[in-house]
Structure formats: C-alpha cells, structure tokens
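These are my notebook entries on what I looked up in this structure. I proceed element by element.

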Amino acid sequence: MPLSTAPQPRLWRPALVVAMLAALLVTLSAPAPEVAAALPAPEVTATGVYAYDAGTGIELFAKDEHERVSIGSTVKIVTALVTVKYADLEAEVAIVESDLVDTALYSNMQLQAGDTLTVSQLLYGLLIPSGSDGANALARYVGGIITGSDDPIAQLDGFVAEMNAFVAE
C-alpha cells in the first residue's frame, strides 16, 4: 500500500491564527484605563449611577453609587426580562381594569380597560415611560402563561415567583 507524499494539513495553525486575532481584537477594543479616566464625566440626572467595564472590571463612571434608591426600575427591568423569556412579542394582550394604576401616583402609559396591545408595545411602555400599568398587564399575561391559570392572583403569584427565580440564577 503506497504512502501519500502530500503534506498533511496542520489543523492547529488556523485555530491558532483565529485565537490570536480574537485576542488582538479584544485588546484593541478595550480603552486603556488612563484613556477611560481622561474622558469627561457625562451629565446625568439620575439619583445614582454606577457603570463599569465587565471585561476589565474598570469603573467607568460613578455618581452617588452608595446611596439607597427605590428598586422600581430594577423590578421593571426584571419584568421585561421574564416577559421576553416566556411571551411571544407579537401576542396581543387585552387590558383589564385591574391592570390600571392611579395616574396621579404612579408612572404609567395611560392604558384604558378594553385596549389591546402587543407584548412588544407593552414592553416599550414599561421601559420608556416606566409604565406601571404596562407592568401589571405583562405580569398578568405572562403569569397566565407560566401557571396556565385564569385566576389573576395565581397569575401574579406565578409571575413574581418566576422573577425571584430569575434573579436568583
């Protein structure tokens, strides 16, 4: 049986080249710490802010980062994340009276009982004007998907349990 005289491909070479290019791109894309520190601080109206580069662990900006603040926006972000995990963004949700909030007390998206919006539209209303009414509608709708129940209390309980499990991960 004749032996082949053709050179054998060296599979490690392409992998090494790809790894080196990836390392170079990561290195070039991250600003040097002295460059990040030299940038002017952004104008921020939020009560407290903390931003850091997760890749390097370098603090990018901080303003009153140790002050206690309401967790309302954090809860709305988790509401959005759980919603995206379970719901079809194009699914339609009928707004019911229990979704509504006192507009004098809570930020809202001005929903009315009988309105029908997509999950996507409710997510925009939840995150942009921080709509508590949109949060209620999403919690009820997604809670129904999670629990398979038509009972509003079971839906809400199921949604809250899933939010807690989500943040515990």
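**Helix α3**

I checked the length of α3 first: at 1.5 Å a residue, its 15 residues should span 21 Å, and its end C-alpha atoms are 21 Å apart, so the two values agree. The model is a predicted one, and I read each value below as computed from it.

I then looked up which residues of α3 are buried, and found Lys76, Val78, Thr79, Ala80, Val82 and Thr83. The cover over these buried residues includes α4, α5 and α6 (152–168).

**Helix α4**

**Strands β1 and β2**

I looked up how β1 (residues 49–52) and β2 (residues 59–63) pair, and recorded an antiparallel arrangement with four bridges. For tyrosine 52, the bridge partner in β2 is glutamate 59. The hairpin of these strands has six residues between them, and there glycine 57 takes a positive phi near 80°.

**Arginine 68**

Is arginine 68 buried or exposed? I located arginine 68 in the loop between β2 and α3. Its relative accessibility is 83%, and exposed means over 50%, so arginine 68 counts as exposed.

Technical notes:
Residues are numbered from 1 along each chain as its sequence is written. This is a predicted model: local features need pLDDT of at least 70, side-chain atom pairs count only at pLDDT 80 or more; totals for chains, interfaces and linings use all residues. Side-chain values use heavy atoms; hydrogens and water are left out. Two strands pair if DSSP finds at least two bridges between them. Helices (H or I, at least four residues) and strands (E, at least two) are DSSP runs, numbered from the N terminus. Buried means under 20% relative accessible area, exposed over 50%, partly exposed in between (1.4 Å probe, protein chains only). The expected span of a helix is 1.5 Å times one less than its number of residues. Contact means heavy atoms within 4.5 Å.
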